[in-house]
Amino acid sequence: MILIDPKNNSERENYKLLIGSIIPRPIAFVTTKSEQGVINGAPFSYFNIVSSNPPMISLAIQRPNGRLKDTARHIHHQQQFVIHIVDEDNVEQVNETAASLPVTESELARTNFTLVDSQQIAVPGIQEAKIRMECRLVQSVPLMNGEEQTGDLFIGEVVQFHIDEAIYHEGRIDPRKLNAVSRLAGSNYAKVGEIFSIERPQ
């Protein structure tokens, strides 16, 4: 085994080890609203489930060079956001929103996505996503490197699910019909491959 002390690595070196090791990672396409009312859309793969009682998700957003990203700024301000699951049908357009644009411009202008009003919050979602979750911010945890804040960990409670009827059956979601994609390292993504079952021991 190769032994690597992360304290001896640069941030970029640790980043490559993490994103190459922790795979596949689910992708959240997040819509938020700026103070000026501009709708922002951006993908993030530091994203997962926290709890089912109540339903909660986590979203970590880095601060490059200490700078707060637009999505993080909007979540701090509005305390609301919408999570969309990225799938094979929308991944190309989601990728377009990863462009770095001024806060006054919406990344959604680079796509053919259709905005749709939310039920419980003021931030709209994307109609084309098979799954979207309206979220309210529960907690924001600063991620620190010594005295410097290098990121924000957001815990959001899901206050409304929107699920395409075509992928939903008797309380369950069909993974094949959802066709979610996941993030690997670099420019690489993965589709759902072979599905197998292992029974848990009693």
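A: The hairpin of strand 9 and strand 10 has two residues between the strands, and Gly146 there takes a positive phi near 70°. Strands here are DSSP runs of E with at least two residues, while helices are runs of H or I with at least four residues, both numbered from the N terminus. The model is a predicted one, in which local features need pLDDT of at least 70 and side-chain atom pairs count only at pLDDT 80 or more, whereas totals for chains, interfaces and linings use all residues. Residues are numbered from 1 along each chain as its sequence is written, and side-chain values use heavy atoms, with hydrogens and water left out.

Strand 9 and strand 10 (residues 148–163) pair in the antiparallel sense over 14 bridges; two strands count as paired if DSSP finds at least two bridges between them. Within this pairing, Met133 stands opposite Phe161 in strand 10. Strand 9 (residues 131–145) also runs antiparallel to strand 6 (residues 80–85), to which five bridges join it. Here Phe81 is the residue opposite Cys135 in strand 9.

Asn90 is buried, with a relative accessible area of 4%; buried means under 20% relative accessible area, exposed over 50%, and partly exposed in between, with a 1.4 Å probe and protein chains only. Leaving aside residues up to four places away in sequence, Asn90 touches Ile85, Phe113 and Ala129, where contact means heavy atoms within 4.5 Å.

Phe113 leads on to the aromatic rings. Rings of Phe, Tyr and Trp (its six-membered ring) pair if their centres lie within 6.5 Å, and planes under 30 degrees apart count as stacked, over 60 as edge-to-face and the rest as tilted. By this rule the count comes to one aromatic pair. That pair is formed by Phe29 and Phe113 and is tilted, with 5.7 Å centre to centre and 45° between the planes. It links distant parts of the chain, 84 residues apart: Phe29 belongs to strand 2 (residues 28–33), and Phe113 to the loop between helix 3 and strand 7 (115–116). Phe29 is buried, with a relative accessible area of 2%, and Phe113 counts as buried at 13% relative accessibility.
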